[in-house]
Amino acid sequence: MTVADIQATILAVWRIEQPRLITSLSRMLRDVPLAEDLTQEALIAALEHWPLSGVPEKPGAWLMATAKRRALDHIRRNRMLTEKHGMLAHDLVREQETMPDFDSALDDDIGDELLRLIFTACHPLLSREVRAALALRMICGLTTEEIARAFLQAEATIAQRIVRAKRTLSESGLAYETPRGEALSERLASVLEVVYLIFNEGYTAASGGEWLRPQLCNEALRIGRVLSSIAPQEPEAHGLLALMELNASRMAARTDAAGEPILLMDQNRALWDRLQIRRGQLALARACELGGAGGFYALQAAIAACHAEADTPDATDWRRIAALYGDLAALLDSPVIELNRAVAIGMAEGPLAALAIVDGLADEPALKAYHLLPSVRGDLLQRLSRFAEAHTAFEAAAALAGNAREREFLKRRAAVAARAAQDHGQR
Amino acid sequence: MRFMYIVTSSQPPRPPTPALMEAMGKLAEREIKAGRMIDTGGLLPVAMGAQVRITDGKLNVIDGPFVETKEMIGGYAIFELRSKEEAVAAAVEFMQLHKEHMPGWDGTCEVRPFATPGVDGACQVDVSACA
């Protein structure tokens, strides 16, 4: 193995082991950010030693032993700790001396600890962006550089954010707590929000040239799968997982070879990922069994499932989709949801009914700069053969689009509408 | 990246030792909870199935018994991982359990990336255990 190979292997092993390392150290130190720092030291130790000694037979156990040793050193050094911690340290020292337990990597169930880690990384005390960065770092084991690349930010910016966030958590005394009961459901919302933010950041990059940054989608999916297995009684955890699995199932069909976006109705459904659709359906069914069919994520997942279950665009159950958007609108008063409902109505009942809803949204302040409003309007007008108006709408949409590819796409639609207007003598 | 893991062995099939079963169960649970293993399944013996073959341009349905037992596939697992390195690391851990808990067993865990649009080339990684 070359040094680069060994480094790649080390990072791979480290990512598999990292959550277990952090959770074990958190239990010792009762401070998640500090535990994260010390696991990083174990990684650095591996990067120093393994290229010389070779990858150990049980790399996970090596990392764990090294990380625990760092934690013990820290505890010994820190004389300000309470009596209780002193005893804990003593026990741990003895444990360390008597058994370097190499099988323990598979033995203890870390569910509760991992949940604590996730809740800490996604603490509402922190901004959503910071929560996302911390989650990617502490739960997914991404490096600062990778996070920076994924969010199109400077590495120094992300590094600074993470350091500051960790300090905030440690100083607030909130660095090691697990909400229970009702508080858990409440806090879970702030976790799910971050996971969904990460997913969407990857699914549709809001700005910049890349339409898809699938790595982020996969990371969000991973956290979603972890959450649904360690918080199995929370319907919305399953709802969000279902939504992400179902949306991600269309990944391969969403762009053409040149990277241009392909609309849902035009996608090659043979490219939809059946395994992921099945997983999405299962997760949605679980959410519904737990009484969560009306949840924010479960409703959106149900809409995605309507698409996934239609073998052809014509087979789509638009009435059900319109009704689900209606339920969603009742849950959350949002013009964006209303716009989506209009699209579904447009498919179920025709463009005229939909146009009435869309025109009713024209003065919504929240949609003033939202390119999809004129884009949907343009589409409806096009179908009503009002080409000149469609052209104006698509032009307006293109001017508002933040994503270069979407802008190109809308300009092409505007051009098509303009030609049709000319052919039909509209102006 | 999605990977399929297929475990094969040329030895006569025998059930895993209880210790191996337990260790594999724990590993599988961990991998599911970590969001990495997204599907898995075991296959019944070859004799329970059938083969549809084309030989010299002729199509035959063979419903057993089958004489050839070269490499038997006992099951598969599908993982969603970041890289081939991660896939190999996970397979090494899996095979390490076999080495430890099923002395005398030889076999191969084949790690195969799924073909994805836009990613060219087929590659194959074998992690062989020789107890």
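How many residues of chain B are in contact with chain A, and how many residues of chain A are in contact with chain B? In this predicted model, the contact brings together 27 residues of chain B and 30 residues of chain A. Chain A has 427 residues and is built from 20 helices and zero strands. Chain B has 131 residues, with two helices and seven strands. The points below take the two chains, then the interface between them, then an interface inside chain A, and last some single residues.

**The two chains**

- In chain A, buried residues account for 53% of the 427 residues.
- In chain B, 35% of the 131 residues count as buried.
- The order of elements in chain B, read from the N terminus, is β-α-β-β-β-β-α-β-β.
- For contacts in chain A between residues at least 6 apart in sequence, 65% link residues at least 24 apart.
- The corresponding share for chain B, again among contacts between residues at least 6 apart, is 73% joining residues at least 24 apart.

**The interface of chain B and chain A**

- Chain B and chain A bury about 2400 Å² between them, and carbon and sulfur atoms give 50% of that area.
- On the side of chain B, B:Arg30, B:Lys33 and B:Arg82 supply 28% of the area buried against chain A, more than any other three residues.
- Seven salt bridges are found across the interface of chain B and chain A.
- One salt bridge joins the side chains of B:Asp39 and A:Arg278, with an N to O distance of 3.3 Å.
- Between chain B and chain A, ten residue pairs are in polar contact, with both residues at pLDDT 80 or more.
- Four elements of chain B each give at least two residues to the side that touches chain A: helix H1 (18-33), strand E2 (37-42), strand E5 (72-80) and helix H2 (84-101).
- H2(B) provides the largest share of that side, nine residues.
- By residue class, the side of chain B that touches chain A has eleven nonpolar, two polar and 14 charged residues.

**Domains of chain A, and the interface of domains 1 and 2**

- Chain A is split into domain 1 (3-101), domain 2 (114-174 + 186-231), domain 3 (235-316), domain 4 (318-356) and domain 5 (369-427).
- Twelve residues from domain 1 of chain A and 14 residues from domain 2 of chain A take part in the contact of these two domains.
- The area buried between domain 1 of chain A and domain 2 of chain A is about 1100 Å², with 58% of it on carbon and sulfur atoms.
- A:Arg15, A:Val32 and A:Pro33 are the residues of domain 1 of chain A that lose the most area to domain 2 of chain A, together 42% of what that side buries.
- Four salt bridges cross the interface of domain 1 of chain A and domain 2 of chain A.
- A:Arg15 is in a salt bridge with A:Glu146, where the closest N and O atoms are 2.4 Å apart.
- Eight residue pairs are in polar contact across the interface of domain 1 of chain A and domain 2 of chain A, both residues being at pLDDT 80 or more.
- Helix H1 (3-29) and helix H2 (32-53) of chain A are the elements that give two or more residues to the side of domain 1 that touches domain 2.
- H1(A) gives the largest share of that side, six residues.
- The residues on that side of domain 1 of chain A are five nonpolar, three polar and four charged.

**A:Ser190**

- A:Ser190 lies in helix H10 (residues 181-203) of chain A.
- A:Ser190 counts as buried because its relative accessible area is 10%, and the cut-off for buried is under 20%.
- Leaving aside residues up to four places away in sequence, A:Ser190 touches A:Cys122, A:Pro124 and A:Arg131.
- The side chain of A:Ser190 reaches the backbone oxygen of A:Cys122 at 3.0 Å.

**Loop residues with positive phi**

- A:Arg30 sits in the loop between H1 and H2 of chain A.
- Phi of A:Arg30 is near 55 degrees, which is a positive value in a residue other than glycine.
- A:Arg30 is partly exposed, at 38% relative accessibility.
- A:Ser385 is in the loop between helix H18 (372-383) and helix H19 (387-400) of chain A.
- For A:Ser385, a residue other than glycine, phi is positive, near 60 degrees.
- A:Ser385 has a relative accessibility of 37% and counts as partly exposed.

Definitions and conventions
Residues are numbered from 1 along each chain as its sequence is written. Chains are lettered from A and ligands numbered from 1 in the order in which they are written. This is a predicted model: local features need pLDDT of at least 70, side-chain atom pairs count only at pLDDT 80 or more; totals for chains, interfaces and linings use all residues. Side-chain values use heavy atoms; hydrogens and water are left out. Domain bounds come from an automatic or database domain assignment. Contact means heavy atoms within 4.5 Å. Buried area is the accessible area (1.4 Å probe) that two parts lose on being put together, summed over both. A polar contact is a pair of N or O atoms within 3.5 Å; within protein, one must be able to donate a hydrogen and the other to accept it, and residues adjacent in sequence count only if both atoms are side-chain atoms. Ala, Val, Leu, Ile, Met, Phe, Trp, Tyr, Cys and Pro count as nonpolar, Asp, Glu, Lys and Arg as charged, and the others, Gly among them, as polar. Buried means under 20% relative accessible area, exposed over 50%, partly exposed in between (1.4 Å probe, protein chains only).
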